[in-house]
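Hello,

Here is the structure you asked to look at. My notes follow below it.

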Amino acid sequence: MNKRILALTLWFAALPLLNAQAQTAEEKGLQIAQEADVRDTGWKSQSSTMKMILRNAEGRESTRAIRSKTLEVSGDGDKALSIFDTPPDVKGTAFLSYTHVQKADEQWLYLPALKRVKRISSNNKSGPFMGSEFAYEDISSQEVGKYTYKWLRDEKIENRDCFVVERVPTYKHSGYTRLITWMDKQTYRPLKIDFYDRKNELMKTLTQHEFKQYLDKYWRPSRMEMKNHVTNKSTTLLWENFQFGINLSDKDFDRNALKRIR
Amino acid sequence: MFRPILISLLLLFPLTALSDGRWSGNVETQFRYFQHPGLYAEQQQSYASIAVEPQYTQQWDNGKYSFGFTPFVRYDRHDEERSHADVRELTWLGVYADWELRVGIRKVFWGVTESQHLVDVINQTDFLENPDGEDKLGQPMINASFVSDLGIVDVYVLTGFRQRTFAAKDGRPRTPVVVDTSGSTYESSQEDRHVDYAVRWHHSVDVWDIGLSQFYGTNREPTLTPGLNPQGEPVLIPHYALMSQTGMDVQATMDNWLLKLEWISRDSTNRRHTALTGGFEYTFVGILESAVDVGVISEYLFDDRGDAAVFNNHLMVGSRIAFNDAQSTDLLAGVILDLDNKGRMFSLEGSRRLGDSWKLNLEARVFSGLDVRSLLYPWRDDDFLQLSLGWFF
């Protein structure tokens, strides 16, 4: 083969690579986030049950059981309804949220003893969810537009090749300066997230385990471990009974639905 | 009230035995200590009671239809009237394409403010449970709820009237002359069988939550007139007039601010009056880098009837502290000031979960400098501390 042709072929073959080199770390970070979002789009609705195990620094445990339903909203954040089954004194309490990319989230709380629906402020994003190590912002819908991104490096953890991406929250009232995510290159599922507090110190680490694939497409972890490095407290979330493509619509996420639950 | 509970339980028993419904609920022991001896001879300084509130729920067809039953019983060692029972809920609910039907005995809450609940008029107040008026008696009704993009419209047909509960001779707090509810009179010739109607539209748009309501029927708030009971003893006899009330409740939720307003115009006993409650709640989230939220609440309470209303030109200032810990510890402290004199009502409410199934509640009320003309004047020596421990299942 003609050496010149070979050189040309190689040069052309290398073009996309060179192109990738020209991409900034920010662009690559955003691209990874967009790809992860695309891969997790189209599930329409899902429901699941969750067991939350809270552990204090001495290792003493307490548990909560929560049922949740989520409705995918295209072009905006999701709608979610959570119902608390235990501890028994909060049984029947329900939490409804409409997440938004641009404006503040809308949230309502239903208090069964008073039969009262209360609109609550969504500025408690950094606050603990049910006294756990998960903040409201950790469990609410993760929309691409809520962060700016930067790809840092590629790294292998737990024998999986990962992108390491830094995210900076753009929404108000976040408790974090940045989040560092280890995203599985093959499946685009986040395996580990480091959370840095307002003083930019490492505050918490989340690891996600025992992923299962649903509808041949959507990956969900069966277990999440959140460790707080400052307080030494930790929280485990155990997810079960994932159901996708169930018949849910807006009317399962209105204020009547909040009261309906028993 | 004991008999309907018994009948319901008997009817329910075969149902629960056959189905997959769930029981839950709580048992509570309560201790109340009054700082001063009572103004009336029969009253005690300490009261002990026990209350049981089980709840049975069942769903069919993925929650399309559901049923709920919540009886309530309290036994008080000293106050014979406070030993009482009620069906808080006995409801069947059906969910259809864009509406819901709820039939039976229920509790409905309307409104947004914290210091008092003006627009909330569906259920009768159970004053025996707590002088703050937050506890309600179950109300029989048929309620259809229509959902659209323009909000939710609830239509209520209220079948059957519940009388307000009042403390007996040995109870606290109470009126100087006890109320005898057996001789109550009514404006309507149908008396307590008058069917009441109500409609409420409520909607949520952006930061706004708005409600407009109209009620026509028997006024839940009786006027008390001195009279004699069949034994010839002086008592207060409740008279329940008819009323027509228009109400509005609005909340704006903006960042750390909640702005709240409730307004009513009520036509009853040939007189129309206006009352409102308006104010704010501001929350400092995660103070001093902790998980603790501290809220500051203030509301102005107005009623154009003046001294004929409990709160007529009053200001509430308070604070809500949520520790956001695993035990869900929280505290609500406040004072309602009479802006026309030195009257002050202090209140403190706190609660904390113990283990997984127990809950400790603390409540304290202090009345100070109450004016002779205030409707609360008879409660001037009724400062109390209440401790209750509940077991939940």
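Nonpolar cores

The largest nonpolar core has 29 residues, and A:M52, A:L81, A:I83, A:A94, A:L96 and A:F195 have the most contacts inside it. A nonpolar core here is a set of buried Ala, Val, Leu, Ile, Met, Phe, Trp, Tyr and Cys residues joined through C-beta atoms within 7 Å. Buried requires 20 or more other C-beta atoms within 10 Å of the residue's own, exposed is 12 or fewer, and partly exposed is in between, with C-beta atoms placed from the backbone. At least two residues of this core come from each of β1 (45–55), β3 (79–86), β4 (94–98), β5 (106–111), β9 (176–184), β10 (190–197), β11 (202–214) and β12 (218–228) of chain A. β3(A) gives the largest share, 4 residues. Another core, of 13 residues, lies apart from it and includes B:V108, B:Y156, B:F215 and B:A275.

This is a predicted model, in which local features need pLDDT of at least 70 and side-chain atom pairs count only at pLDDT 80 or more, while totals for chains, interfaces and linings use all residues. Residues are numbered from 1 along each chain as its sequence is written, and chains are lettered from A and ligands numbered from 1 in the order in which they are written.

Chain A, β5 and β6

Strands (E, at least two residues) and helices (H or I, at least four) are DSSP runs numbered from the N terminus. β5(A) pairs with β6(A) in the antiparallel sense over 5 bridges; pairing needs at least two DSSP bridges between the strands. A:L109 has A:K118 of β6(A) as its bridge partner. The hairpin has 4 residues between the strands, and A:K115 in it takes a positive phi near 55°.

β13(B) pairs in the antiparallel sense with β10(B) (residues 208–218) over 11 bridges and with β14(B) (residues 257–268) over 12 bridges. B:M248 in β13(B) stands opposite B:L212, and B:Q245 has B:R266 in β14(B) as its bridge partner. The hairpin of β13(B) and β14(B) has 2 residues between the strands, with B:D255 in the turn at a positive phi of about 50°.

The contact between the chains takes 38 residues from chain B and 24 residues from chain A, contact meaning C-beta atoms, placed from the backbone, within 7 Å. Among the elements giving two or more residues to the chain B side are β2, β6 and β13 of chain B.

Conventions:
Contact = placed C-beta atoms within 7 Å.
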